[in-house]
Structures are given as structure tokens and as C-alpha cells.
Amino acid sequence: MHRLSRLPPWGGALVVYALSRVVSTILLAAMFWIATANGWRFASHRAHATFFSFSGSWDASSYRSIAEHGYPSTLPVDAAGHVLQNTWAFLPVYPYVVHALTTVLGVNGTPNGFYAVGAIVSLVAGGVAAVLLSAILRRSIPAPRALFAVALFSLGPLGFLLQTAYAESLFLALLFASLWCLVARRYWLLIPFGVVAAFTRPGVLALSLALGIHFVVRLRGRRITGSAFPWRDRLAIVVAAGLTAAAGLAWPVIASAATRRPDAYLDTELAFWTGFVGRRHFAPLTPWFAMATTYLGVVAGVVLVLLVIAAGVFWLTRRGTRALGADVVGLTASYWLYLVAVFLPQQSLPRLLLPTAPMLGSPVFWGPVSAGEAGSRRRRVALLVGCVVLQAVAIVFLWFVGYP
């Protein structure tokens with residue numbers, strides 16, 4: 001990491017990311033070859049089995065449906081009138097970007113054209129996300145630590161998702177661009193990134209809250225230390241927070257208007273919960289408790305959720321974590337709050353935690369100074385090896401048992 005940190009800031013991150021793509025491609029290709037040679041059936045079946053269709057499993061089929069057919073004007077329902085799973089749960093930017101490129105490249109409508117182009121879009125967007133992650137962390141921690149965080153992000157157990165036909169890479173690139181703008185105090189520039197991100201994947205409301213935290217921190221700094229906080233910055237922060245919040249809340253309104261059903265988006269999302277907790281009415285801040293108490297009982301479930309929340313608060317308030325900067329900590333805390341407020345935790349939780357990747361710059365991953373350089377290096381090597389092993393395990397599990 002020390003040698004790579006001597007490269008231009010973007011260069012070191014791209015080298016780390018490129019090496020991680022070699023690893024993930026080998027793991028994915030090996031799994032695809034072994035499964036194909038032995039006639040194993042993937043949990044997410046594709047009629048035209050190729051490596052790209054393998055990389056376009058699960059949600060990618062919904063994105064392809066959106067790209068080729070748009071969104072349904074009438075929600076599908078069962079015999080009792082309950083809304084069934086449908087594509088309104090997925091946001092439009094990623095499928096429409098991929099669709100535009102497939103049209104330009106002349107592969108629109110081919111069996112695996114969408115999956116191939118989708119994988120390429122994700123691959124490129126993942127590289128942009130890695131560069132931006134490095135740029136964000138270099139503002140608060142040494143370059144070698146920032147590059148190691150990029151390595152953990154790229155090689156982590158779900159690192160292969162950065163090159164599959166999922167919206168994650170594109171969302172991460174847009175979110176990290178927004179965070180960089182926030183850290184650099186480029187508030188007007190943040191707005192287009194945040195607004196587009198709001199129509200790529202859910203979660204941008206956390207960015208609006210992070211802008212609010214940033215406003216309070218700057219206002220407090222002005223009162224305590226006398227640091228400048230001009231009115232033009234205050235206006236820009238308020239406008240950016242308002243526009244990103246409006247964009248983050250817009251999709252349910254659009255879904256309702258298009259389907260003429262008031263709770264179209266909420267009912268669609270709840271349809272994905274039924275396999276875990278049955279049919280439920282949504283109430284903020286209750287999904288984690290609903291999931292835990294369903295499988296562990298009331299007392300054990302409530303205690304587990306409270307312990308998880310307490311652990312998150314403890315980590316965010318550690319000195320090493322706070323050294324990453326108020327904006328990184330603020331966005332992470334806001335995003336964690338968002339997940340606890342609206343998300344039902346299941347096997348996709350690790351994927352949805354990818355936006356908190358800036359926390360990988362914490363010294364807990366790099367290794368304590370007290371351990372010495374050799375001890376810290378052993379920790380880093382062990383973490384990277386563990387990431388690769390867990391990534392292989394995740395590929396097997398998610399393609400044959402569950403879904404990412």
C-alpha cells in the first residue's frame with residue numbers, strides 16, 4: 001500500500017480496484033465453469049446460460065424487464081387483492097442507462113445483451129466509486145490507509161457485486177461523489193449527484209440528514225471557534241438537503257400516480273417481506289424488531305436489536321472513527337438510521353451496507369500502533385485473505401441457496 005500510495009490519488013485506487021476485479025472474475029468464472037460442467041442448476045435460472053447471464057442473476061432480471069417494457073400501470077395482485085412482487089420496487093436510472101447503451105451498441109433485445117452491458121456499466125461505475133472512496137478518505141487519513149480501505153471495499157465478501165448487473169456500483173459512485181462534494185463543501189455540485197442517486201437506489205434520504213448534520217456542525221464551529229460559515233453556504237446546504245430529500249421521496253409519489261394506487265410503492269416493498277415475516281403493516285423503526293422477534297421471540301429479539309444498535313453507536317463514537325471526519329461519520333450514522341427505520345434485515349443486508357464503506361478507513365482495520373508494523377501488516381494480510389475466502393463462500397451461497 002505504501003508503494004501504491006506514491007501514485008497519483010486516482011492511480012493507486014484504480015490499480016487496487018483492477019487487481020480486485022481479477023480476483024472476483026476468477027472466482028465467478030470458476031464457479032460458473034464448475035456448475036456448468038456438472039449440470040448444477042442455479043437458484044436464479046437463465047434460459048440462455050452464459051457467463052454474463054450468470055453475472056446478471058436475481059434483481060438483474062427485474063432491471064432488464066424495466067429496460068425493455070417499462071413499469072406496469074396496474075399492480076399484480078393475488079386472489080385476496082394483496083399486491084405481489086413487481087418492478088416498482090426497483091428504481092429506473094440503472095436499467096435505463098444500460099438500455100441506452102445496449103441500443104447504441106446494437107445488442108438490445110439479444111438474449112444476454114442487457115446482462116453483458118449491465119456488467120460493464122457496473123464494472124466502470126465500481127472503479128469510479130473506488131477512486132472517490134480513496135479521495136474522500138485521503139482528506140482525513142494517510143494515503144496507505146485510504147488505499148487499504150479501497151482494497152477491503154473491492155475485495156470484500158460482496159466485492160463481486162461491483163461487476164454484476166446490479167445497481168449497486170452506480171449508486172455507490174453517485175453517493176460517494178455526493179459525499180466528496182460534502183467534504184469539499186461543493187454544495188451546489190452535490191445536488192445533481194444526489195438527485196440522480198435518489199432514482200438509482202433507495203437511501204438518499206440519509207444524504208439529506210447528513211447535510212443537516214453538516215449544517216449543525218458548521219454552525220457550532222462558528223459559535224465555538226469563530227470559523228467562517230457564510231450565508232451563501234447556509235443557503236446552498238439548505239437547498240441541497242431539500243432537493244435531495246424531495247428526490248428521495250419522489251418515487252412513491254410517481255408509483256402512485258402511474259398506477260392510481262395510493263400506496264403502490266409501499267405495498268410493493270411489503271410484498272417482498274411476506275416470505276420472512278408474513279404480511280405486515282409498515283411502521284418506521286419497527287422492521288428490525290419485527291424480523292428479530294419473529295425468529296427469536298420477543299425478549300431475545302428486542303435485546304439483540306438493541307445490542308446491535310448500541311454496538312453501532314459505540315463504533316461511531318470511538319476516537320479512531322471520529323478521526324474520519326464529521327461528514328463521513330454523519331453520513332454513516334444517517335444511513336444506518338435509514339436502514340433501521342425502513343429496511344427488513346435479511347440476506348441482502350450486507351449488500352445494503354456497502355454505502356458505509358468509508359468506515360473501512362477506521363484504524364481498527366489498519367491495525368493499532370501498539371502492535372508494531374509487523375503485527376499490523378499481519379492483520380491486514382489476514383483481513384484481505386479472509387475477504388477473498390468469504391467472497392468465494394458468498395458466490396456459492398448466493399447463487400445456489402439465497403440471493404444477494
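Q: Are Arg351 and Asp59 buried or exposed?
A: Both Arg351 and Asp59 are buried. Buried means under 20% relative accessible area, exposed means over 50%, and partly exposed lies in between, with a 1.4 Å probe and protein chains only.

Q: What kind of model is this, and how are residues numbered?
A: This is a predicted model, in which local features need pLDDT of at least 70 and side-chain atom pairs count only at pLDDT 80 or more, while totals for chains, interfaces and linings use all residues. Residues are numbered from 1 along each chain as its sequence is written, and side-chain values use heavy atoms, leaving out hydrogens and water.

Q: Back to that pair: what do the side chains of Arg351 and Asp59 form?
A: They meet in a salt bridge, at 3.9 Å from N to O. Arg351 belongs to helix H17 (residues 349-352) and Asp59 to helix H3 (residues 59-69), so this pair links distant parts of the chain, 292 residues apart. Helices here are DSSP runs (H or I, at least four residues), numbered from the N terminus, and strands are runs of E with at least two.

Q: What counts as a salt bridge, and how many are there?
A: The rule asks for a side-chain nitrogen of Lys or Arg within 4 Å of a carboxyl oxygen of Asp or Glu. By this rule the count is 7.

Q: Which residue does Glu168 pair with?
A: Glu168 forms a salt bridge with Arg201, and their closest N and O atoms are 2.9 Å apart. Glu168 lies in helix H7 and Arg201 in the loop between H8 and H9, so the pair ties together parts that are 33 residues apart in sequence. Glu168 is buried at a relative accessible area of 4%, and Arg201 is buried at 13%.

Q: Which residues are linked in a network of salt bridges?
A: Asp59, Glu168, Arg201 and Arg351 are linked in such a network.

Q: And how exposed are Asp267 and Arg261?
A: Asp267 is partly exposed, with a relative accessible area of 22%, and Arg261 is partly exposed, with 28%. Their side chains meet in a salt bridge at 3.6 Å, N to O.

Q: New topic: how many residues has helix H9?
A: Helix H9 (residues 205-225) has 21 residues. From its first C-alpha to its last it reaches 30 Å, close to the 30 Å expected at 1.5 Å a residue, where the expected span is 1.5 Å times one less than the number of residues.

Q: Which residues of H9 are buried?
A: Among them are Ala206, Leu207, His214 and Arg218.

Q: What follows H9?
A: Gly226 follows H9, and its phi is positive, near 80 degrees.
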